[in-house]
Structures are given as structure tokens and as C-alpha cells.
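Hi,

Here is the structure I promised to pass on.

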Amino acid sequence: MATLYPSLEDMKGHQILQAQAAAGVRTPPTTVVTEKPKLSSDTVPPVLYPNLAELENYMGLALSSEELQKDLLPEGSAALTPSGPPPGQLVAPLSGNNAGLRRVEIKPGVREIHLCKDERGKTGLQLKNVDQGIFVQLVKANSPAALVGLRFGDQILQMDGRSCAGWSSDKAQRALKKANPEKIVMVVRDRPFQRTVTVHKDSTGHVGVVVKKGKIVSLAKNSSAARNGLLTHHYICEVNGQNVIGMKDKQLMEVLAGAGNVVTLTIIPTVIYEHMVKRLSPGVVKSSMDHSIPDL
């Protein structure tokens, strides 16, 4: 099984670190190499990949920044040994300790949650039928639904032991309204229509995306966004796990600017997004959608 990486930059960085480890060159795990190792006059320099400083020049990354230094792998990590990590393990020498990467994870499988209603008998949840399944269309800020970690695009498989397959949007909302206010048991699958892409800001603080009304409309050539397979005709749902649906572009850009050097975007195809928000008032999304930063 092949080794997996959050980004192309992580893959490149890992290859460099492995080559250095194989050649016996020690690089402090939280320090970028800025000069060649000192060798005695009778020592033949080993043939290595470019050091991390050269990776900065190659990909336009700000590898010397304190922000990125915090994310480098700790000393003793299996990823830094010549043999490498176990097959299938996610390796992130540049992104590894980034909190946003952990917040956005779309877990496989299903999970059970227990939801209640507030003093007004509301859950703060709005549901939508898509392709015979029931999905979360809206999570209101500070609501019971937000507190249990439901997110836009989550699929509701069961509600109080009843399968939701084939339900209409109205039937799902009626079932929610009639449910026990003290305990509603749901079986949930994390956001099946969405995927995450991790990108790295360049030395100017940009990842290379142009966004209009929340939708990616173009990518800068040779940018981290382009290298890592970000696509146009997709909406950005989350930035480092924070929901940005309904935000104005200026506000979204401010979230991106404050997101750190490693940014993980959660995206959804335009055709699916537009179907999911159909008949949902833009004003309601803007004023009510939960835009809080999830807990780890």
C-alpha cells in the first residue's frame, strides 16, 4: 500500500527527509536547513535531494516561518527513517501538527449521535433530500445540532431507529419535529459529497485561488492550489474546519488570511451544492449558519 500525504508539498518534503536520513545527514526536526552540512576535508559529500531551503525556492513556500516550524514532524518520527512509515499511514512532514488538518477530517464509516431540543423545542437543524438520502442543509449557530458537531452535508442514515432512505425533505423535518425533545438518536455519515484539499501559502501569503460568491472560479498557475488538484466549479464549504458557507467573499478572504501557512479546504461540486441549498434563503444562511471553529 502506498504512503499517503495531505499535500504534494508534504510528499516532496518527506522524500527529502528520507534521503537525508538514508545518507546519515541529521537535520534538526524543527529547523529548516539553511546551509550545507559541515564535512571534513577528506569526506566525500553524499548525493542528496535538495535540502528544505531549496524546496522553499522550488515551490515558493515560506518554510523558514515560525508558523510552519510548529507543524514539522517531531524527532524520532517513523516518517524520517530510511525505511519510512508503515504502508497506508498518512505522512505530513510539513502539515503534520496543523490543527486545521485535524478539524477537517471526513471520517469513513458511520457514527451515532444523541441530539436534544432547546427550551423552544428546536434542534437548529434543517434537512434536505438529495438522491433519496437525507442531508444536513443548515446548522444554526449555538444550537443543539451545532453542539453535537453536525455539519453542512452530513448524511442522516437513521433517526430514532428508522431508516431515512427515500424520505422527502418534508418527511424528515416532520420526524424531527415529532421526536422526543430530550433525546433524538441519529446515525450519521460524514459529508459524503465533500472532499478536502490541503494547500500551502507561498511567500506572499497566497494559496492561488480566486473565489466569487463562495465558488472557486480560477486557479493561479504553479500555485499550491493548482499543484494539489483543487478544482474550479466547486464551492468552499470549510476553511480548516470552519464553515464559511454564506460568508461574503471579503469575509472568506479574511478567514483564509488568518488560517496560517497550511490551509485545508473542504469543497463540494457546484451542481451538488446548488441542489443542497435550493429553496434556502441566502439571508437565513448568512445570519443563522454556524461559522464557529470546531473543537478538536
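A quick word on naming before the findings: helices (H or I, at least four residues) and strands (E, at least two) are DSSP runs, numbered from the N terminus. This is a predicted model, so local features need pLDDT of at least 70 and side-chain atom pairs count only at pLDDT 80 or more, while totals for chains, interfaces and linings use all residues. Residues are numbered from 1 along each chain as its sequence is written, and side-chain values use heavy atoms, with hydrogens and water left out.

Let's start with the surface charge. Arg 162, Lys 171, Arg 174 and Lys 178 gather in a patch of positive charge on the surface. Patches are built from residues with over 30% relative accessible area and no salt bridge, joining like charges within 9 Å and nonpolar side chains (Val, Leu, Ile, Met, Phe, Trp, Tyr) within 5 Å. Lys and Arg count as positive and Asp and Glu as negative, with His and the chain ends not counted; the place of a charge is NZ of Lys, CZ of Arg, CG of Asp or CD of Glu. Areas are Shrake-Rupley with a 1.4 Å probe, and for residues only the protein chains shown count as cover.

Helix 6 (residues 169-178) gives the largest share of that patch, 3 residues. Arg 162 sits in strand 5 (residues 162-163) and is partly exposed, at 46% relative accessible area. For those labels, buried means under 20% relative accessible area, exposed over 50%, and partly exposed in between (1.4 Å probe, protein chains only).

Next, the salt bridges (a side-chain nitrogen of Lys or Arg within 4 Å of a carboxyl oxygen of Asp or Glu). The structure holds 7 of them. One joins Arg 227 to Glu 9, with the closest N and O atoms 2.8 Å apart. That pair links distant parts of the chain, since Arg 227 is in helix 7 (residues 224-227) and Glu 9 in helix 1 (residues 8-22), 218 residues apart. Glu 9 is buried at 0% relative accessible area, whereas Arg 227 is partly exposed at 25%.

There is also a network of salt bridges linking Arg 111, Asp 154, Asp 190 and Arg 191. Within it, Asp 190 pairs with Arg 111, the closest N and O atoms being 2.9 Å apart. Asp 190 lies in the loop between strand 6 (184-189) and strand 7 (195-200), and Arg 111 in strand 1 (residues 110-115), 79 residues apart. Asp 190 is buried at 9%; Arg 111 is partly exposed at 27%.

Asp 154 pairs with Arg 191, with 3.8 Å between the closest N and O atoms. Asp 154 is in the loop between helix 5 (144-147) and strand 4 (155-159) and Arg 191 in the loop between strand 6 and strand 7, so this bridge ties together parts 37 residues apart in sequence. Both ends are buried: Asp 154 at 0% and Arg 191 at 2%.

Arg 191 has a backbone point of interest too: its phi is near 25 degrees, a positive value in a residue other than glycine. Asn 240 also has a positive phi, near 55 degrees. Asn 240 is in the loop between strand 10 (234-239) and strand 11 (242-243) and counts as buried, at 9%.

Last, how many disulfides (pairs of cysteine sulfur atoms within 2.5 Å) does a search of the whole structure find? It finds 0. As for the cysteines, Cys 237 is buried at 1%, and Cys 116 is partly exposed at 34%.

Cheers

Terms used
A disulfide is a pair of cysteine sulfur atoms within 2.5 Å.
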